[in-house]
Amino acid sequence: MAISLSFGVNGAYELTERLAEGEAADVWAGRRLEDGRDIVLKAYRPPAAALAVAEARRLRAVRHPAIVEVLDVGAVRTLERPPVGAPSPGAPFVVTARAPG
């Protein structure tokens, strides 16, 4: 179930909707503040974080029409107006372009 809201992450992203919540990660939709691009931020929990972040770092170099573009890999440093259930400070995340559909 999607939850609508608005909060900032690291001064770079505004997240507006929780798309999914799982055992390994939560998935949020939003936009990159720098250029307004639609993004998806996936915030991981251990033990999935290390493997997922390592894979995303490798995928940053890949450009192919069938693979979503990895825009950023990092960790939550700051949250602006975080709702209940927002990623915790220190949580590793991967930001991708938002694919249609």
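**Close-up views of a predicted model**

View 1. R18 sits in strand β2, here shown in a model that is predicted. Its relative accessible area comes to 6%, which is under the 20% cut-off, and therefore R18 is classed as buried. Two polar neighbours of the R18 side chain can be picked out in this view: with the side chain of E21 there is a polar contact of 3.1 Å, and a polar atom of the R18 side chain lies 3.3 Å from the backbone oxygen of G85.

**View 2. Serine S88 in its loop.** S88 belongs to the loop that runs between β6 (79-80) and β7 (92-97). With a relative accessible area of 46%, a value between the cut-offs of 20% and 50%, S88 is neither buried nor exposed and so counts as partly exposed. Between S88 and A75 the C-alpha to C-alpha distance is 9.4 Å, while the separation of S88 and A75 in sequence is 13 residues.

**View 3. The largest nonpolar core.** This core holds 15 residues, and those that touch the most other members are V9, Y13, L15, I39, L41, F93 and V95. Two or more residues of this core come from each of the elements β1 (3-9), β2 (13-21), β4 (38-44) and β7. Another core, which lies apart from the largest one, consists of nine residues, including A49, A52, A56 and V73. As a general background to such views, nonpolar side chains in soluble globular proteins tend to be buried together.

**View 4. The surroundings of V95.** Once neighbours within four places in sequence are left aside, V95 is in contact with Y13, I39, V40, L41, E69, V70, L71 and D72. Among these contacts of V95, the residues Y13, I39 and L41 are also listed, like V95 itself, with the members of the largest nonpolar core that touch the most others.

**View 5. The largest pocket and its lining.** The space in the largest pocket amounts to about 210 Å³. Its lining is made up of 13 residues, of which K42, Y44, A56, V94 and T96 are the closest to the centre of the pocket. The elements β4, α1 (48-59) and β7 each give two or more residues to the lining, and it is α1 that gives the most, with four residues. Sorted by class, the lining of this pocket comprises ten nonpolar residues, one polar residue and two charged residues.

Methods. Residues are numbered from 1 along each chain as its sequence is written. This is a predicted model: local features need pLDDT of at least 70, side-chain atom pairs count only at pLDDT 80 or more; totals for chains, interfaces and linings use all residues. Side-chain values use heavy atoms; hydrogens and water are left out. Buried means under 20% relative accessible area, exposed over 50%, partly exposed in between (1.4 Å probe, protein chains only). A nonpolar core is a set of buried Ala, Val, Leu, Ile, Met, Phe, Trp, Tyr and Cys residues joined through side-chain atoms within 4.5 Å. Contact means heavy atoms within 4.5 Å. A polar contact is a pair of N or O atoms within 3.5 Å; within protein, one must be able to donate a hydrogen and the other to accept it, and residues adjacent in sequence count only if both atoms are side-chain atoms. On a 1 Å grid over the protein atoms alone, a cavity is a set of points where a 1.4 Å probe fits but cannot get out, and a pocket is an open set with protein on both sides within 12 Å along at least five of seven lines; lining residues have an atom within 4 Å of a point. Grid points are joined across faces, edges and corners, and a volume is the space filled by probe spheres set on the points. Ala, Val, Leu, Ile, Met, Phe, Trp, Tyr, Cys and Pro count as nonpolar, Asp, Glu, Lys and Arg as charged, and the others, Gly among them, as polar.
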